[in-house]
Amino acid sequence: MNLSRREFSKSMLLAGFGCAAGQWSARSLNAAKPNIKAGTGIIDVHTHIGTYTDPKKNLSPEALITWMDEHQIEKSVVLPLTSPESTKYLQTTESVLEAAKQHPDRLIPFCSVDPRTTHAGSVKSLVGMIQAWVDQGAKGFGEHKVGLNFDDPLMMRVYEACQEVGIPLLFHIDNIRGKDVPGLKRLENALKTFPELNFIGHGPGWWASISGGLTPKELGGYPKSKVKPGGAIDDLMSRYPNIYGDLSAGSGANSISRDLEFGTEFLIRRQDRILFGTDYLAPGQQVPQFELFEKIELPDAVLSKIYRENVIKLLKLT
């Protein structure tokens, strides 16, 4: 059976209440705003709270949860932003941990520190910092969005620390943050060096690499042409079991919508490595993932993995 996002959400919700699945219109589904029974909704691997670039658009934890309810999102990973290139207004690990403490059934905290900060120090110092945050509930590291080459020694020190602590790392790649080259050779260096660390890919440079034949400029953009053979994502996923994809933001949606036939086949082929995400970070933000998943039809087993099962396994959620 093939299900759209809307049909999956409804079937999961109704299954949670012991009802038979059927079809609702998008309007009636959103208007009902049903309470989400635990174990039935979508898990969003990429959201933020606080202020991103516009001080008039602060997203509180409560506003995030209200938005989640409107879209059948049961839980959301909340990512801090701690590097100056990542945002105009930094979002601290402490604020994310506090929000998750106030809403433990809905919000999943990650932690982050800029590798250039003096207090990060050595790998030993980083391990101590990260482990302390993990002890407070952090399930991963990220968003790792730093203005250095992806395999800069300072970046590699972070990866070593995360591997030692045993949590995944969600990264951003483009021409400014987590910088790489066509073919993602710097990312591959990190994957080879730290085989026990699970990396979660995000950002224009990562998702543009679904296609081969990229120019350096295209790593920072949103290509609209049909996907060409030889994409780095498929290549890396075929050779390294520790790389996953976060399907959030305009870059994630564009990677599938630019070539729906290839994109659908890709999601099925890499169904064990793809995580649903939105990058929701400001009130009223448009989220292309919802429209995208109304356009494509995927087997229900594939949707279940992308919407829930993969992130539960990766983050060791109960």
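User: Which residues line the largest cavity?

Analyst: Rolling a probe the size of a water molecule over the atoms shows where empty space is left. In this predicted model, the lining of the largest cavity is made by Pro 204, Trp 207, Ala 208, Gly 221, Tyr 222, Pro 223, Ser 251, Asn 254 and Ser 255. Two elements, α8 (204–208) and α10 (249–257), each give two or more residues to that lining. The volume is about 30 Å³, and the structure holds 1 cavity of 30 Å³ or more.

User: What is the make-up of the lining of the largest cavity by class?

Analyst: The lining has 5 nonpolar and 4 polar residues, and no charged residues.

User: Let us turn to a helix. Which residues of α7 are buried, and where do they lie around the axis?

Analyst: Helix α7 spans residues 185–193, and its buried residues are Leu 187, Glu 188, Ala 190 and Leu 191. These residues cover an arc of only 160 degrees around the axis, so they lie on the same side of α7. Lys 185 and Lys 192, on the other side of α7, are exposed.

User: What covers the buried residues of α7?

Analyst: The cover includes the helices α6, α8 and α9 (232–239), together with the strands β6 (169–172), β7 (199–202) and β8 (243–246).

User: Which aromatic cluster includes Tyr 159 and Phe 194?

Analyst: Tyr 159 and Phe 194 belong to one aromatic cluster with Phe 150, Phe 171, Phe 199, Trp 206, Trp 207, Phe 262 and Phe 266. Trp 207 is also among the residues that line the largest cavity.

User: Finally, consider a loop residue. Is Gly 147 buried or exposed?

Analyst: The cut-off for buried is under 20% relative accessible area. Gly 147 has 18%, so this residue is buried. Gly 147 is placed in the loop between β5 (141–144) and α6 (153–165). Beyond its neighbours within four places in sequence, Gly 147 is in contact with Glu 85, Arg 116, Ile 176, Arg 177 and Lys 179.

Definitions and conventions: Residues are numbered from 1 along each chain as its sequence is written. This is a predicted model: local features need pLDDT of at least 70, side-chain atom pairs count only at pLDDT 80 or more; totals for chains, interfaces and linings use all residues. Side-chain values use heavy atoms; hydrogens and water are left out. On a 1 Å grid over the protein atoms alone, a cavity is a set of points where a 1.4 Å probe fits but cannot get out, and a pocket is an open set with protein on both sides within 12 Å along at least five of seven lines; lining residues have an atom within 4 Å of a point. Grid points are joined across faces, edges and corners, and a volume is the space filled by probe spheres set on the points. Helices (H or I, at least four residues) and strands (E, at least two) are DSSP runs, numbered from the N terminus. Ala, Val, Leu, Ile, Met, Phe, Trp, Tyr, Cys and Pro count as nonpolar, Asp, Glu, Lys and Arg as charged, and the others, Gly among them, as polar. Buried means under 20% relative accessible area, exposed over 50%, partly exposed in between (1.4 Å probe, protein chains only). Contact means heavy atoms within 4.5 Å. The arc is that of the directions from the helix axis to the C-beta atoms. Rings of Phe, Tyr and Trp (its six-membered ring) pair if their centres lie within 6.5 Å; planes under 30 degrees apart count as stacked, over 60 as edge-to-face and the rest as tilted.
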